[in-house]
Structures are given as C-alpha cells and as structure tokens.
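Please walk through this structure with me, beginning with the confidence of the model and the overall content of the chain, and continuing with its helix packing and selected loop residues.

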Amino acid sequence: MKKRNKMVACLLAATMIFSSFLTGCSANGGAGDTQKETSKESAAGSESAASDKKDTENGSERTTNGSASDASDAGWDTSKEDTITLAVINNFYTAGEKKLAEEYMKLHPETKVVVDVISDNDSYITKMMTAMSDDRENAPDIVHGNFLAAAVANNSADIAVDKGYLIDMTDMLDEVNPYNDGKKVREAFDEDDFLISINSSGGRHLTYLPFDKIGVAFYYNKTIFDKLGLSVPTSYENLIEICGKLKDAGYDVPITAGNESGWLINSMADSYYRTTENEFLVQPGDAIWDENLMKANIDFKFDENNLDCDANVVGSAERQAKYATENGINTEGNKKVWSEFQKLAQYFPTNWIAADGSQIITDFESQVSPILFNGSWNAGLILSDVNQLPEDMQFEWATFQLPSFEKAPEGFSQTIRGLYSLGNAISIVPNKDDDHMARVKDFYKFWYSPDQAKLCFEETLANGNYVQGPCVVKGVELSPELTSKLEGFIATGVSRGAQWVTGQDMVTQADKPKYNDLILQFSEGSLDVDSFLEQMDPIYRNYYKDVVDRAGYDLDPTTADTAK
C-alpha cells in the first residue's frame, strides 16, 4: 500500500462538519503513546484539565459542557488503580481510539487504558481464540464482537453471549451517559439501529451499540469509462456486457475484487429467496419469542413494492440451522443463485477469494482494473491516494450499486438489493469484578458519546487511518467531498443476510482451503455448478453440524436451548 501524505489526510479531516448542537469537552494536549510488547500501545496518562463550571442535573453533579462528572460520582473505587484493555484491528479507527484513551485518562488518571492493536483480521481471530480459552485471565475488555464470535461461536454473537464471552447491552441503554449531558445512552442513537444490531448478532441479544454504517459497491474509473464511451450500468446484464467490453479493450481483469465479493452472492440469494423469508423468522410460540421486540414478524410477507418491509423483522438462527441440516447446499435454488454470480465472477482476479486487500486497491488506483468491488471503509483511503498521485496519473472516480435485472431469471425478483448496514461492532467482554466492569462500561459510554465519536473520526482521518462510513452517533457528519463518494454505497432496499442458505463463508477453518479452491475453480469456469455444489455440500454440512453442536440446538424452535 502506498504511503499517504499526512497533509492531505489533515485537510480531509479539516473538512469534516458537525451539527451545531455538539459541544466540545475534550481536553487539549497530552503525551504520546507508549509501546508495550510488540503490538500493545497505550495512551500516556496526564493530570485532568482544570474542572469546568458545574451545574446540577437530575440530582447529580455534571459539567455544563457534557464532560465527565466529578470523580466522586464515579461508579468505582477511584482510590484504586486498574487497567482497561481494548483489542482492535490495525488502521480501523486506531488513531482515534488511542486519542480517546489519552483523553479518558486525563479525566480518570486512576484508570489506565491500553489499546492493543492487532495487525489484521486473521491474527485478530487467532488472538480471540487464545484470549477466550481456559480462565480468560488475559482476555481484553473491549473487542470487535463479530470477530470474537467468528473465533469462538460460529459467527453468532448471540451464542457468544450465551457462553459468557460478551455482554448483552440492552440494560445499558437506559443508563445515564455522563459524557452526553446526563442523557440516557439510547438518546445518542436512532432506535431502529438497535434492532439492526440485534439482528446482526443473531436476533436475541444487543451485543454492540451502533457506531457507523458500511456498504459495498462498485468503484469505477470515470476517466476510462468516458474514454471508451461507457456509462454506469443500468442493469445486471448491462454490467456483464460492460465487463466484456473492458476485457476486449485490453483490461485483463475488468473488476478487481476480494473476499467482499461474497456480498454479491448474498444479494443474488436475497433476490431469489426473500419471498420465503417469513419461514425463517422467529414465530409466536418459539422459545425465544418476544412480542415487544418481534412484533413485525407477525403475519409477515415480503412486499416487493416496499423493499424495506423486512427492516425490523427478526430472524431465527435455529430455523435456518434446521433448514440447512435437512436440505444441505446442493439445491435447485442455489444452482440458480451461484450461476448468476459466476457470470460476473469470471471477470474477477483468478485468486479473488483470498486476494490481498492492499493489492486490489492498488490495481484500481494504478488503473490496471477499471472497476473495484469493495467496501465503504476504503473510500476515504482511495480518495486520499488518488488525490496524491502525480497530476498526469490522477483520474475521476465514483461509485454505483449492483444494478437490478433488466429481465429477472426464473425464480428471481427483478430488484437486487445491496448491503448498507451497521459496521464497527465493538462489544464488551464480561468480568466478575463489578468495580472493573463499571470502568469498562464508563469508557464505552465516553467513546459512544457525540463529542468523543466526533473526536474519534477527526483523529482517525488526520492520521490517515480508515473510517468505515458515516457515523450514526447523532451529530457527527463527514465532509461533503467524502460524503459524495459514499453516496453510491446507499442501497435501494437493504438485503438480509442470506449467506446461510447459499453456503457463502459457511465453512470451518479446517475446510477453508478446500472451500477457497472450489470457489475459484467455479468462478473461472473450470467447474460446473452441479459439480461445484456437490463438492461444497459436505463442507456446508460440517459447518452447520458445528453450529448445531455449539448452540445446543435441538432443531425445535419451540423449546429452549443451552449453548455448549
């Protein structure tokens, strides 16, 4: 990956705008980070800034600008020192997270905040496996909950809660956030986003609070498109036609893509299976039924005239597991879904399923590939990189969503929905020490307050790190330039997670090499769909056998289960 010019990144940060009601409460100054071991970093502590003028609100003492209350109001013993550990993935908000740690320790010098930065996704999953084993003595306090779930709970954050790896944050919503003018925690968010979080966790637990939105889309080189007389594709069929023209024009890899392309399979599956979605929702009479949470499920039927009609329904992981166990992956529906995907995947790099993320971005920025399929989390990076290229190498680019069918194949709905959902899933690991947990939750509230979310975004951009998309903490907005680049990620209707039925990423670590090999053979056309799904079926069944075993499912949704 090319180095980014810090000055450009700072200019990008300077163009961020924020709603006028936000108030600044973070202290200025602060010492640098201290390296611990090979990957651990903590912000150095310092004396708290002079206290602000205080007023009385809701019977407790708070600062007028929304910063922390007096130390005597803390929910822990301030005479004792303690350490909070965040385990985070490199470059995704890490500069902002370290700045938050630094500012928090100015307010609470008795609490040290360590930011443990892990190099990449795979290393993070490995670390979670180790940290969550045995007595968890070295377990971090705040983690990427989705990656922890991938490591120890078959990608189910619900199961991670059941097994004691994560906490359910539902009760936390009605607690006071002392860093947001004494408002309840929930008041910094859109209520609908809580349900999205619950659904992404498995339908039963709130395992993280919303922080940002992410999407996937096609980045395209407008300069090359204009030169070749090409326009943004108007249909799925037109997109495939354009890829053919790009290949004829000498671009051997028209679309550079990586593992994120699995979301294209998800969109195809959504188009095919969403009319039967009601069969896989939690139903009245199920053991986990909660009418207050799941009332949208009652008598639900998908309405093609309202592509967001299923936004608030709650799926049943056990019903999905029952279907998967009984039917496997080698079905007529999946043959159609995967066949439509292959029409586009033939234009991907030959190793796309395991492609290096930095390389595919470089291929787009160096104009080797005119199209990139990727996530919103790289939009800021690409904007910065392209702006720093020599003038004769710069190009215009924009984004577009996966277009719908011009003529839907048999069994498919015409409109193809995309992905635009919550992104950074930051969760809390339980600890039996109530004093320690009070500090952990307090730091989390600090992070997820408007002023500190703003600080996190500012510091991240100023240091050339990634932001994943627009912040959903009320009051934080991105610059107009970056916002315009992200518009192509906003989908018309958001697809539900349908990978469970197609087998996309439904694979154990032991089966991953075989899975990747089959995907690549099928994508390039050396394996037909019948042979592909026949060989994928045992991989899929192995995965779901593990899911059922770990979740303790008896495959009867009306009876309660106990995770093993």
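The protein chain has a mean pLDDT of 85, and 87% of its residues reach 70 or more; pLDDT is the predictor's confidence in each residue, from 0 to 100. Confidence is lowest in strand E1 (residues 33–36), with a mean of 30, and highest in H8, with 98. Over residues 1–72 the pLDDT is below 50, and this stretch has 161 contacts in the model beyond near neighbours in sequence; a contact means heavy atoms within 4.5 Å. This is a predicted model, in which local features need pLDDT of at least 70 and side-chain atom pairs count only at pLDDT 80 or more, whereas totals for chains, interfaces and linings use all residues. Residues are numbered from 1 along each chain as its sequence is written, and side-chain values use heavy atoms, with hydrogens and water left out.

The protein chain contains 20 helices and 13 strands. These elements are DSSP runs numbered from the N terminus, with helices (H or I) of at least four residues and strands (E) of at least two. Of the 564 residues of the protein chain, 55% count as buried; buried means under 20% relative accessible area, exposed over 50%, and partly exposed in between, with a 1.4 Å probe and protein chains only. Among contacts in the protein chain with a separation of 6 or more, 76% are between residues 24 or more positions apart.

Within H8, the buried residues are Tyr236, Asn238, Leu239, Ile240, Ile242, Cys243, Gly244 and Leu246. Gly250, which follows H8, has a positive phi near 105°.

The next topic is helix packing. Two packed helices are described by the angle between their axes and the distance between the axes. Here, axes are lines fitted to C-alpha atoms, for helices over the stretch in contact, and angles run from 0 to 180 degrees between N-to-C directions. Helix H2 (residues 94–107) and helix H15 (residues 434–447) have axes that come within 11 Å and cross at roughly 120°. H2 is therefore oblique to H15, since angles under 35 degrees count as roughly parallel, over 145 as roughly antiparallel, 65 to 115 as roughly perpendicular and the rest as oblique. The crossing of H2 and H15 is right-handed; a crossing is right-handed if the near helix is turned clockwise from the far one by less than a right angle, and left-handed if anticlockwise. On the H2 side the contact involves Glu97, Leu100, Ala101, Glu103, Tyr104 and Leu107, and on the H15 side Arg439, Asp442, Phe443, Phe446 and Trp447.

The axes of helix H9 (residues 262–273) and helix H12 (residues 332–345) come within 9 Å and cross at roughly 140°. This angle makes H9 oblique to H12, and their crossing is right-handed. Residues of H9 including Leu264, Met268 and Tyr272 meet residues of H12, among them Trp338, Phe341 and Leu344. For H3 and helix H4 (residues 145–152), the axes come within 8 Å and cross at roughly 65°, again in a right-handed crossing. Asn121, Tyr124, Ile125, Met128 and Met129 of H3 make this contact with Phe147, Leu148, Ala150, Ala151 and Val152 of H4.

Arg136 lies in the loop between helix H3 (121–131) and strand E7 (142–144). Most residues other than glycine have a negative phi. At 28% relative accessibility, Arg136 counts as partly exposed. Leu555, in the segment after helix H20 (529–551), has a positive phi of about 65° and is likewise not a glycine; at 21% relative accessibility it counts as partly exposed.

Lys184 occupies the loop between helix H5 (157–162) and H6, and its relative accessible area of 38% makes it partly exposed. The C-alpha atoms of Lys184 and Asp174 are separated by 5.4 Å, although these residues are 10 residues apart along the chain. Beyond residues up to four places away in sequence, Lys184 touches Leu173, Asp174, Glu175, Val176 and Asn177. His205 is located in the loop between helix H6 (191–201) and strand E8 (213–221). With 14% relative accessibility, His205 counts as buried. Leaving aside residues up to four places away in sequence, His205 touches Asp158, Val161, Asp162, Asp168, Ser197 and Ile198.
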